[in-house]
Amino acid sequence: MKLLFLGDVVGNIGTDFVSQKLRTLKNFYGIDVTVVNGENSAQGNGITPTSARNLFDSGADIITTGNHCYRRREIYHTFETEKNLIRPANYPKGNPGRGFCVYDMGMCQLAVINLMGTVYMEALDNPFASADRVIASLSTPNIIVDFHAEATGEKKAMGHYLAGRVTAVFGTHTHVQTADETILKEHTGYITDAGMCGPELSVLGVKTEIAIEKQRFHAPVKFSESENPPFINGVIIEFNEKNGKCVSIERLIIR
């Protein structure tokens, strides 16, 4: 089985580019299932019912999110009704939505877990304990984890903690693709950050001049999306659906 994972989709530019390219990518690489992080897919931040629907219509099978999942209140109902749109599992009980989904592929099932880091981020429940809890409830060996975290050390620790227990751990959130893709314990595909889908000549998708002004002067600014040409960052893995073992991992950049 081949799985395509796309890093954080940023705004209209990123969503439109994914819409243009995704089906062609899936056909070219022979992709069986696609997971997309859509937490920044709405214009101006967060995710809306419209941006989520656009990603599903483009060919995403499952959408993961992160720290901006609840930025737009209009998405709350969609989190409750769309079983393949998930938010971090370590958000407190009572929040809308689910922290994982099980996707039925006919010949097998694929579980996708969304977790959020707590280093330099919100003080959510412990993501390691949350991972243990969700994994214990699953009956499929095919388990993908989107770990939405800031600190590389926390992501590395999670990768090693789950090595041999899940099919892959993909880091998201920093919007900068790392070059450390590997297979841990000859079982678990891992990358610290899958990158982003959005304007390449930008600062994490934001217009460079605005981001520079913020860094130079530390004064409030209004972020706006860069209008430069977009690119797609992601990861392709191949895994044995009988035992959940990742057998190959490859970074993807489409300009």
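1. Axes here are lines fitted to C-alpha atoms, for helices over the stretch in contact (heavy atoms within 4.5 Å), and angles run from 0 to 180 degrees between N-to-C directions. On that basis helix H4 (residues 127-136) lies across S5, S6 and S7 and runs at about 160° to S6. Helices (H or I, at least four residues) and strands (E, at least two) are DSSP runs, numbered from the N terminus.

2. The model is predicted: local features need pLDDT of at least 70, side-chain atom pairs count only at pLDDT 80 or more, and totals for chains, interfaces and linings use all residues. Residues are numbered from 1 along each chain as its sequence is written, and side-chain values use heavy atoms, with hydrogens and water left out.

3. The open sheet has six strands in the order S5-S6-S7-S8-S10-S9, with mixed pairing (two strands pair if DSSP finds at least two bridges between them). Strands S5 (100-104) and S9 (182-184) are at the edges with a single partner strand each, so one side of each has no neighbour in the sheet. S6 (residues 109-116) and S7 (residues 143-148) run parallel and are joined by six bridges; Asn-114 has Asp-146 in S7 as its bridge partner.

4. Pro-127, Ser-130, Ala-131, Val-134 and Ile-135 are the buried residues of H4 (under 20% relative accessible area, 1.4 Å probe, protein chains only). Their cover includes S5, S6, S7 and helix H5 (152-162).

5. Asn-67 is in the loop between strand S4 (62-64) and helix H3 (76-81). Leaving aside neighbours within four places in sequence, Asn-67 is in contact with residues including Glu-39, Tyr-91 and His-148.

Conventions
Buried means under 20% relative accessible area, exposed over 50%, partly exposed in between (1.4 Å probe, protein chains only).
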